[in-house]
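I opened this model to look up ring pairs, nonpolar cores and a pocket. My notes follow in that order of interest, pocket first.

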Amino acid sequence: MEGEMGTDQKSGDRCRVNSLVEAPGCSPVSGSVRWDPVHSVWNGAMLIGSLVLAPVLFAWDALLVFTLLTGASLLLGHSVGFHRRLIHRSFACPLWLERFLVWVGTCVGMSGPFWMIRTHDLRDWAQRNPHCHDYLSHRGGMLRDYYWQVHCRLVLDHPPAFDLGDAGRDPFYRFLERTWMLQQLPIAALLFIGGGWSWVIWGVCVRVTASVTGHWFVGHLAHTRGPQNWTVIDAGVQAHDVPWAAIPTMGEAWHNNHHAYPGSARIGIHPGQSDWGFAFIRLLERAGLAWDIVLPEHLDRAKAIRLVGPQSRSSVQTLKEARS
């Protein structure tokens, strides 16, 4: 079927770090944090525009535009397109749909698809090691972590290599990587036509600022504090759930589950855990637009994780029943 990459989604190690290639001597420990002018200027400009212009141009319809565009882009693009499809390949879909979802993810305004893959996979790999740099573990305090994650980049002394596979050779994704900031222009033009500068500021500047800041804030909490049901054996950085953020992150805030079953398309594992991203994938499946959906019961993680919470015990029993 069009858009399927590789073999059966449920075969092999579905929890591997897909794009990262460990080279002899590579290490996630030693390195230096350096100012990233491109992302710093971009994120700073969006923040200044939000703080200075958004209060002056506030209108209820602009707030509605901000809410709808932010929710739709985080659901379709960031959660489903970038994270669950492009990065973890936890389901298959037609290539045209994947490209659309990745375009929406690019329009969130954090960066291009290749930067997002490398940033995610470097952190994923580093956190599975016994030790890693403070930048990759969100240690060192909230203010410093905000500055590091939003305005800087980590340059490791002995970095791993990356192989982006089919995505890295896709001409559309290469175009998005070069023009990720410019993707806001057609959105801004349509917003200006629909509601003037108020819609532009709230639909672009405030939306991008909320997405970037929210992504950092939830990520910081998810690696430093909060409830847990599992720990990953031998991993130097453990994940936590951020329950209040489950809906605005479309299920991504159940991060403890994600570390336990990183290849799963379903992140909200326990009863009552909202996971709009997985619900959307199920909707695509019913429409014949998604298949080979990887679930926790497809992943043999018995030797990789340790139970530490009461919910995990009932979930393990449920997973065992699903496998049988």
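I keep in mind that the model is predicted.

**Entry 1: the second largest pocket**

I asked which elements each supply at least two residues of the lining of the second largest pocket. I found H4, helix H5 (134–137) and strand S3 (152–156). H4 gives the largest share of that lining, with 5 residues. I counted 15 lining residues in total. Nearest the centre of the pocket lie Trp115, Thr119, Leu122, Arg153 and Leu154. I sorted the lining by type and got 10 nonpolar, 4 charged and 1 polar. The space in the second largest pocket is about 320 Å³.

**Entry 2: aromatic pairs**

I describe a pair of aromatic rings by the distance of the centres and the angle of the planes. I count two rings as a pair if their centres lie within 6.5 Å, and planes over 60 degrees apart as edge-to-face. The count by this rule is 12 aromatic pairs. I looked at Trp42 and Trp180: their ring centres are 5.5 Å apart and their planes stand at 75 degrees, so I log the pair as edge-to-face. Trp42 sits in helix H1 (residues 37–53). Trp180 sits in the loop between helix H8 (171–179) and helix H9 (184–222), 138 residues apart from Trp42. Both Trp42 and Trp180 are buried.

Next I took Phe66 and Trp202. Their centres are 6.1 Å apart with planes at 75 degrees, so this pair is edge-to-face. Phe66 is in helix H2 (residues 60–87) and Trp202 in helix H9, so the pair ties together parts 136 residues apart in sequence. Are Phe66 and Trp202 buried or exposed? The cut-off for buried is under 20% relative accessible area. Phe66 has 16% relative accessibility, so I call Phe66 buried. Trp202 has 12%, so I call Trp202 buried. I also noted that Phe66 and Trp202 form one aromatic cluster with Phe58 and Trp60.

**Entry 3: nonpolar cores**

I found 35 residues in the largest nonpolar core, where Leu86 and Tyr173 have the most contacts. H1, H2, helix H3 (95–107), helix H4 (113–128), H8 and H9 give two or more residues to this core. H9 gives the most, with 12 residues. I listed the contacts of Leu86, leaving aside neighbours within four places in sequence: Gly81, Glu98, Val102, Pro113, Ile117, Ala167 and Tyr173. Another core, of 17 residues, lies apart from the largest one and includes Cys93, Leu101, Met250 and Ile281.

Definitions and conventions: Residues are numbered from 1 along each chain as its sequence is written. This is a predicted model: local features need pLDDT of at least 70, side-chain atom pairs count only at pLDDT 80 or more; totals for chains, interfaces and linings use all residues. Side-chain values use heavy atoms; hydrogens and water are left out. Rings of Phe, Tyr and Trp (its six-membered ring) pair if their centres lie within 6.5 Å; planes under 30 degrees apart count as stacked, over 60 as edge-to-face and the rest as tilted. Helices (H or I, at least four residues) and strands (E, at least two) are DSSP runs, numbered from the N terminus. Buried means under 20% relative accessible area, exposed over 50%, partly exposed in between (1.4 Å probe, protein chains only). A nonpolar core is a set of buried Ala, Val, Leu, Ile, Met, Phe, Trp, Tyr and Cys residues joined through side-chain atoms within 4.5 Å. Contact means heavy atoms within 4.5 Å. On a 1 Å grid over the protein atoms alone, a cavity is a set of points where a 1.4 Å probe fits but cannot get out, and a pocket is an open set with protein on both sides within 12 Å along at least five of seven lines; lining residues have an atom within 4 Å of a point. Grid points are joined across faces, edges and corners, and a volume is the space filled by probe spheres set on the points. Ala, Val, Leu, Ile, Met, Phe, Trp, Tyr, Cys and Pro count as nonpolar, Asp, Glu, Lys and Arg as charged, and the others, Gly among them, as polar.
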